[in-house]
Amino acid sequence: MFSKSRLSGTTSGHYNLSASVGVVYLMPIKLLFVITKDDIGGAQKYVQELSGQLDTRKFQVKILTGGKDGARFLSNLLRPHFLFINDLLALLELVFIFRREKPDIVHLNSSKAGVIGAVAAKLAGVPRVVFTAHGWVFNPDNKLSWPRRRLYIWLHKIAAKFQDVIISVSHYDRQLALRHRIASPEKLVTVYNGIGPINFIGRTEARRIFKKLTGAPVDEKAIWIGSVGRLVAEKDYETFVEAAAMLPSAYFFIIGSGYELPKLKAKIKKLGMESRCLIVEKLSPAAPYMKAFDIFLLTSIKEGLPYTMLEAMSGSIPMVVTRVGGMTEIVKDRGL
C-alpha cells in the first residue's frame, strides 16, 4: 500500500508561517512512513494514528507498506538459504522509492523496515531517519534460536548507525537496547503509546452480540475471559487455549485473525473446547466490545506497549498478562 494522507490544503506546496509579521512561505516537510506489513496490528495502528494527527499545513505525509501495492519485496520472510535475495531486492526497491519521493524524513516501523529502510535511506541521501521499535524482535522471551537472536541484534546495531532517533514505546525496550548496545543513550528515547476516548458498548449488549457472532450456547452469567490480537506466534494464543482448558467454568474469547487460526482451531477441537473457547474473526474495531469480558488476558511472548491493554484499562477491565516488554509498565503486579 502506498498512499497520500490528508494532503488537502497543501496543493500549492506552501503554508503560512506567520501572518502577524508578514507572509512567509516554506515548503511543508515531506514525511514518509515505512512499515513492513499492511495487516492490522499495533505498529500499523501507530502509523495510522500518528500520521492522521500531523498538521497538514506543515507536513506532507505518505505511507509505504510492504506488499504488492507498495514495496513488493519488503516482507518479514527470512531466507538465508537464498542468500537473502528478497532483502537485497527490497533494499534496492526502497532506494529507488526514496530517491523518487525525496522525503525530508523517513519514519521506519517494525524490525525489517527498520533495518533495510535505514540502509536504503542512507544510500538515497535522506536527511533524517527515525525508527520506532514496537517491541524488539530479540526480546529474550521471544522464541528464537541463539544464532538468530544474535543476528537480529547485529543487524539492528548496523541499522542504528544510519538512524538519527530510535523511539522505544516502553522503558523496558529502551533498557533492552542499551543492554545490547544497539545505540548510544542519546539516540534512544521512550515515547509511550496512547489512545483516545472509546465509546464502549454495555456489558449486556456486548455479550448478546458475541453470542450472535459465535452461534454458541454461551452462558451470559458465567465468567468471560477475552483477548484481542493478531493470531500470530508472538501472541502465543496456544497458551491462552491451554489456560482455558484449566478453567472449565469460564468462557474464553479471542477477537482476531491471522495465520495461526487453523492451528488454534485444531488445538481447541483436540481439547474438546469448541463451546467454551471461541474465536471471533470479523469484529473491528474490537475495543468497544471489551466490556463483555470480566478479565482481559494477554499471553504474548513479544510485545512493545500493546494498544489492547490500554483499551482494556480504559474500560476498567481487570487484566492478566505475561511479563513481557512494556506490559508490566501498565499492569500493577498484585503478587498473586
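Trainee: Which side chain does Glu 220 meet in a salt bridge?

Mentor: The model is a predicted one. A salt bridge requires a side-chain nitrogen of Lys or Arg within 4 Å of a carboxyl oxygen of Asp or Glu. For Glu 220 the N to O distance is 3.7 Å, and the partner that supplies the nitrogen is Lys 211.

Trainee: Is Glu 220 buried, partly exposed or exposed?

Mentor: A residue is buried under 20% relative accessible area and exposed over 50%. Glu 220 has a relative accessibility of 31%, so this residue counts as partly exposed. Its partner in the salt bridge is Lys 211, and with a relative accessible area of 29%, Lys 211 is likewise partly exposed.

Trainee: How many residues apart are Glu 238 and Lys 267, which also form a salt bridge?

Mentor: The closest N and O atoms of Glu 238 and Lys 267 are 3.9 Å apart. Glu 238 belongs to helix H7 (residues 237–245) and Lys 267 to helix H8 (residues 261–270), so the pair links distant parts of the chain. Their separation is 29 residues.

Trainee: What is the distance between the closest N and O atoms of Lys 267 and Glu 242?

Mentor: Lys 267 lies in helix H8 and Glu 242 in helix H7, so this pair ties together parts that are 25 residues apart in sequence. Glu 242 is partly exposed, at 38% relative accessibility. The two residues form a salt bridge in which the closest N and O atoms lie at a distance of 3.2 Å.

Trainee: Which residues are joined into one network with Lys 267?

Mentor: Lys 267 forms a salt bridge with Glu 238 and another with Glu 242. Salt bridges that share partners build the network, which joins Lys 267 with Glu 238, Glu 242, Glu 260 and Lys 263.

Trainee: How many salt bridges are found in the whole structure?

Mentor: The pairs discussed above include Glu 220 with Lys 211 and Glu 238 with Lys 267. A search of the whole structure gives a total of 16.

Trainee: Where does Lys 102 lie, and what is its phi?

Mentor: Lys 102 is in the loop between helix H2 (85–101) and strand E6 (105–109). Its relative accessibility is 58%, so Lys 102 counts as exposed. Although Lys 102 is a residue other than glycine, its phi is positive, near 50°.

Trainee: What is the omega of the cis peptide bond that joins Ser 284 and Pro 285?

Mentor: Pro 285 is placed in the loop between strand E12 (277–280) and strand E13 (295–298). The bond from Ser 284 to Pro 285 is cis, with an omega of about -5°.

Note on methods. Residues numbered from 1 in each chain as written. Predicted model: local features only at pLDDT ≥ 70, side-chain atom pairs only at ≥ 80, totals over all residues. Heavy atoms only, no water. Helix = DSSP H or I, 4+ residues; strand = E, 2+ residues; numbered from the N terminus. Buried < 20%, exposed > 50% of the residue type's maximum accessible area, 1.4 Å probe, protein only.
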